[in-house]
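Colleague: I would like to go through a few local features of this model. Shall we take them one by one?

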Amino acid sequence: MARDVALSQALLYARELKAVYEATREREHALSAAYRRLRSQHQQTLRYAEDLRRLYGRAERAILQSLHGLANALEAKDPYTHGHSQRVAGLARRLALAAGLPAASARVVAQAGLLHDIGKIGVPESILLKPGPLSEGEWVIMRSHPGLGARIVAPLEFFADGASVIRHHHERVDGSGYPDGLRRDAIPLGARIVAVADVYDALTSDRPYRRRFSSREAVAQIEGGAGQALDPGLVGTFLTLLRHGQPDPAL
Ligand SMILES: [Fe+2]
């Protein structure tokens with residue numbers, strides 16, 4: 001009798017165990033199906049994010065391209081500045097990398113170098129192309145181009161750093177530049193980099209009022225400007241770049 005009870009309890013126990021086992025197996029199946037679903041949704045989300053990133057990058061490039069077109073159209077009016085923005089961009093990119101900026105930041109500095117004078121669109125040709133010295137009133141208009149350029153690119157949220165480079169590319173480290181009279185490190189690093197590239201390229205290009213300087217004369221001028229107009233540390237890095245061969249202005 002006691003043996004029958006023990007047997008039926010054992011059977012009952014075995015049936016319960018089996019039921020628990022089956023329920024666990026079912027849960028496991030359901031869990032792994034849910035996991036598979038989650039995984040494929042996650043992969044789908046990653047694909048969407050990648051597509052979005054690509055589309056966003058394409059839109060950014062298209063916007064910047066059209067601005068470059070505008071900058072080129074501006075340069076085309078003036079034979080003296082032809083190719084200036086491209087060369088400044090190339091020099092600025094190399095200087096940015098040599099100064100230790102990461103590649104993405106160097107790219108923004110180069111883009112800003114391409115567009116640094118875009119605000120000259122708002123300066124009349126009679127001033128831009130004037131062969132003689134500018135009057136005080138004409139200088140006031142000429143000095144408005146960095147601020148105007150920054151306003152032109154201001155709606156491009158992804159290019160906020162570039163806008164600040166454009167705004168400050170005529171600041172001088174001694175505080176006597178424009179538009180804000182910033183000093184030393186208060187001037188954004190990208191703007192100090194573009195300033196060195198801009199001054200070097202301007203010195204080594206013909207201008208309506210003077211012939212181009214030789215590389216050696218330009219280096220002497222730049223060294224003279226270190227600490228007053230230009231960041232002395234960046235000038236040192238730039239001169240090292242020059243000594244290691246003519247910097248390739250190609251982007
Ligand atoms: Fe400028």
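Modeller: Two residues are in contact if their C-beta atoms, placed from the backbone, lie within 7 Å. The model is predicted.

Colleague: What covers the buried residues of α6?

Modeller: Helix α6 spans residues 145–153, and its buried residues are H145, P146, G149, A150 and V153. What covers them includes α1 (2–76), α3 (103–115), α5 (136–142) and α7 (160–167).

Colleague: Within what arc do the buried residues of α6 fall, seen down its axis?

Modeller: H145, P146, G149, A150 and V153 are buried in α6. An α-helix has 3.6 residues a turn, so residues three or four places apart point the same way. The buried residues of α6 line one face of the helix, because seen down its axis they fall within an arc of 135 degrees.

Colleague: Is Q221 buried, exposed or partly exposed?

Modeller: Q221 is found in helix α9 (residues 215–225). A residue is buried with 20 or more other C-beta atoms within 10 Å and exposed with 12 or fewer. Q221 has 16, so Q221 is partly exposed.

Colleague: Leaving aside neighbours within four places in sequence, which residues is Q221 in contact with?

Modeller: Q221 and V199 are 22 residues apart in sequence and 9.3 Å apart in space, C-alpha to C-alpha. With its neighbours within four places left aside, the contacts of Q221 are L203 and F213.

Colleague: How far apart in space are L242 and S215, C-alpha to C-alpha?

Modeller: L242 lies in helix α10 (residues 232–243). L242 is partly exposed, with 16 other C-beta atoms within 10 Å. L242 and S215 are 27 residues apart in sequence, and their C-alpha to C-alpha distance is 9.2 Å.

Conventions. Residues numbered from 1 in each chain as written. Predicted model: local features only at pLDDT ≥ 70, side-chain atom pairs only at ≥ 80, totals over all residues. Helix = DSSP H or I, 4+ residues; strand = E, 2+ residues; numbered from the N terminus. Arc of directions from axis to C-beta.
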